Amino acid sequence: MERTAPGPLAAAQAQVRKAVEALGAGEDLYELLRLPQRTVEVRIPVRMADGSVRVFTGYRAQHLSVLGPCKGGIRFHPGVSREEVQALSIWMTFKSALAGLPFGGGKGGVVVDPRPLREEELEQLSRGYIRALAPVLGPDRDIPAPDAGTGPRVMGWMLDEYERIAGGAAPGVITGKPLALGGSVGREAATGQGVAFAVREAARLLGMPLAGSRVAIQGFGNAGQFTARLLAREGARIVGISDSRGGIYHPGGLDVETAIRHKEETGSVVGLPGTEAIDQVELLQLECEVLVPAALEGAITAEVAQGVRAKVVAEAANGPTTPEGDQVLRDRGVFVIPDILCNAGGVTVSYFEWVQNRTGYPWSEAEVRARLEERMVRAFAQVAAAAQSRGTDTRTAAYVVALERIRAGLRARGLLGSPGAG
Ligand code: NAD
């Protein structure tokens, strides 16, 4: 049995194992879930602007298609690896199951820093990724979406490439695409909107007023910016923000729109007038009520967790807390909204987009928001109830709720014995 895989895959597998044990299920369930059912690695040649050819490595992991087609984002980042996309695909299976969506987990990525690429190079890379993987993708097979380093523009190129290959319209093959190509209103804001709903529910549960509470946000891309914006709208004070270049701090609360503009103009939040410079670890350990890790995996290690002063950690990123960091947060009584619950707004509105594409009937922004709120509130309540009834932490509770649904699907397909039958 593989229990010593490095980094995020080891963390994902440890979480699955814990949930299997909490359910009192057998080893066969863990064995079915510990790795994706398929992991594809491809090489994508791109003719660069200077005439040279660079070959990029890409991956797509499809964890489980028992509850529906695989679903999950595509990441463009130099740190992408086979193990990372595998871990992320495992988390996607649990996230979709917890949100009650008819999907299994998928995830993809390309080992690349997209920032220095020219537009035409990025377009070739995006199209090349789809050409290489088209045989395993499809609206009923595996449906990509944006993740770190990608967004609607990349999804638009990818959809166009897929439709050229398919020879007809297939808008449901990709979500998070531009509105002009069948994207959903509210998809861009969805992850942050879901985080804001989850934080609001946590605040209610803990009897902590959200208005006036202090929030620190690590990572200021899609997830971080919309979370900041929406929590500020609820009256919270965003006291600190960081990105890959460093952090900023303002105890009275930052103006989020000004911070977004500053990042757009200069490439970073660092140097925003009227703020104090802090480093990335200081940001995670700021005195605040809510800490939102919204960057990448592994930010909150045991050492960092020792210094976390927030009451609530809302995991907008996937896998931001290492298993050791998680233990420290638990011991210190920090309330964690686990990633598979906290950032499920993205995949939930992706599901809405897929439904709209399949029916050819677009929804209004108010409808998207109301349905997202209903699902986030329900999932939060289910996790809180499971944590209470089972006497576990919120992360284990979230995994157990999801695992019960996954196990029911496996049993219904005859892939796992029924209760009493082993
Ligand atoms: P993004 O590329 O838009 O933004 C990532 C941000 O993190 C950038 O601001 C970058 O500068 C910052 N960052 C990188 N390293 C950092 C570090 N060491 N310290 C501080 N900041 C750092 O990505 P995104 O789409 O916002 O995704 C962020 C996280 O949210 C990922 O874990 C992703 O899987 C997760 N997520 C995203 C979505 C979505 O819809 N975009 C949905 C669910 C989960």
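This is a predicted model: local features need pLDDT of at least 70, side-chain atom pairs count only at pLDDT 80 or more; totals for chains, interfaces and linings use all residues.

I started with two helices, H6 (residues 187–206) and H14 (residues 365–390), whose axes come within 9 Å and cross at roughly 45°. My helices (H or I, at least four residues) and strands (E, at least two) are DSSP runs, numbered from the N terminus. Axes are lines fitted to C-alpha atoms, for helices over the stretch in contact, and angles run from 0 to 180 degrees between N-to-C directions.

Residues are numbered from 1 along each chain as its sequence is written, and side-chain values use heavy atoms, leaving out hydrogens and water.

Who touches whom? On the H6 side I listed, among others, Phe-197, Arg-200 and Leu-205, and on the H14 side the residues include Leu-372, Met-376 and Phe-380. Contact means heavy atoms within 4.5 Å. The residues of the contact of H6 with H14 divide into 10 nonpolar, 2 polar and 4 charged.

Next I checked H6 with helix H7 (residues 222–233): their axes come within 7 Å and cross at roughly 50°. H6 and H7 are therefore oblique to each other, and their crossing is right-handed. Among the residues making the contact are Val-195 and Val-199 of H6 and Phe-226 and Leu-230 of H7. I wrote down 8 nonpolar, 5 polar and 1 charged for the contact of H6 with H7.

Then I turned to strands. An open sheet of 5 strands has the order E1-E2-E4-E3-E5, with mixed pairing; two strands pair if DSSP finds at least two bridges between them. At the edges I found E1 (38–47) and E5 (142–146), each pairing on one side only. The twist averages 25° from one strand to the next. Strand E3 (residues 70–77) and E5 run parallel, joined by 5 bridges, and Lys-71 stands opposite Ile-143 in E5.

Strand E6 (residues 214–218) pairs with E7 in the parallel sense over 5 bridges. Is E7 buried or exposed? 6 of the 7 residues of E7 (residues 237–243) are buried, so the strand is largely enclosed by the rest of the structure. Buried means under 20% relative accessible area, exposed over 50%, partly exposed in between (1.4 Å probe, protein chains only).

Last, two residues. Glu-84 lies in helix H3 (residues 82–98) and is buried, at 8% relative accessible area. Leaving out residues up to four places away in sequence, Glu-84 touches Pro-8, Arg-75, Gly-79 and Glu-297. Gly-149 sits in the loop between E5 and helix H5 (152–166) and counts as partly exposed at 44%.

Note on methods:
Ala, Val, Leu, Ile, Met, Phe, Trp, Tyr, Cys and Pro count as nonpolar, Asp, Glu, Lys and Arg as charged, and the others, Gly among them, as polar. Angles under 35 degrees count as roughly parallel, over 145 as roughly antiparallel, 65 to 115 as roughly perpendicular and the rest as oblique. A crossing is left-handed if the near helix is turned anticlockwise from the far one by less than a right angle, and right-handed if clockwise.
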